[in-house]
Amino acid sequence: MSHALNEARAAAAAGEAPIGAVLIDASGEIIAAAGNAPIGAHDPTAHAEILVLRAAAEKLGNYRLPDTTLYVTLEPCAMCAGAISHARVARLVIAASDPKGGAVWHGPKFFEQPTCHWRPEVAQGPFAEEAGQLLKDFFRVRR
């Protein structure tokens, strides 16, 4: 999760919402890491999770990412939760919850829907306070 936090800090330095994600394989090796980039990429889908899943799928030559763990600094939105499900990520570790835009523990609770065909193991990860404070500080400056 510390690597995901570093990605979130780099995203904030680039003027993006400070959200980071890191995907590791079963041996613990980092496959891909990214921070949010929709502004810089001119792409509304360039959330950290999506960028990591794309990079990992390209690197591994497979759109399915079994036996992987995705670490994210913020509870994924519905778009990202859908992509995580389609990629068949085995485990999702979330630092900070997102009552307003999250879709795992809040909102649509994507993985609990009967139309969801793959549900990763979901865990509350470390650094929830740090990830949340990074977001609060970032948006406080912009308001």
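This is a predicted model: local features need pLDDT of at least 70, side-chain atom pairs count only at pLDDT 80 or more; totals for chains, interfaces and linings use all residues.
Residues are numbered from 1 along each chain as its sequence is written, and side-chain values use heavy atoms, with hydrogens and water left out.

Let me begin with the whole chain. Its secondary structure comes to five helices and five strands, where helices (H or I, at least four residues) and strands (E, at least two) are DSSP runs numbered from the N terminus. Read from that end, the elements follow the order α-β-β-α-α-β-α-β-β-α. The C-alpha trace spans about 40 × 30 × 30 Å along its principal axes. For 143 residues, a compact globule would have a radius of gyration near 15 Å, and the 14 Å of this chain agrees with that; the radius is taken over C-alpha atoms, and the globule rule is 2.2 Å times the number of residues to the power 0.38. Of the 143 residues, 44% count as buried, buried meaning under 20% relative accessible area, exposed over 50%, and partly exposed in between, with a 1.4 Å probe and protein chains only.

Now to helix α1, residues 2-13. Its twelve residues should span 16 Å at 1.5 Å a residue, and its end C-alpha atoms, 17 Å apart, agree with this; the expected span is 1.5 Å times one less than the number of residues. Which residues of α1 are buried? They are A4, L5, A8 and A11, and they lie on the same side of α1, because they cover an arc of only 115 degrees around the axis, the arc being that of the directions from the helix axis to the C-beta atoms. In general, an α-helix has 3.6 residues a turn, so residues three or four places apart point the same way. What covers these buried residues includes β1 (20-24), β2 (30-35), β3 (69-74) and α5 (128-142).

Finally, the backbone angles. Just after α1, G15 takes a positive phi of about 85 degrees. Most residues other than glycine have a negative phi, yet H42 has a phi near 55 degrees. H42 sits in the loop between α2 (38-41) and α3 (48-60) and is exposed, at 72% relative accessible area. K109, also not a glycine, has a positive phi of about 45 degrees; K109 is in the loop between β4 (91-96) and β5 (121-124) and counts as partly exposed at 34%.

Terms used
Contact means heavy atoms within 4.5 Å.
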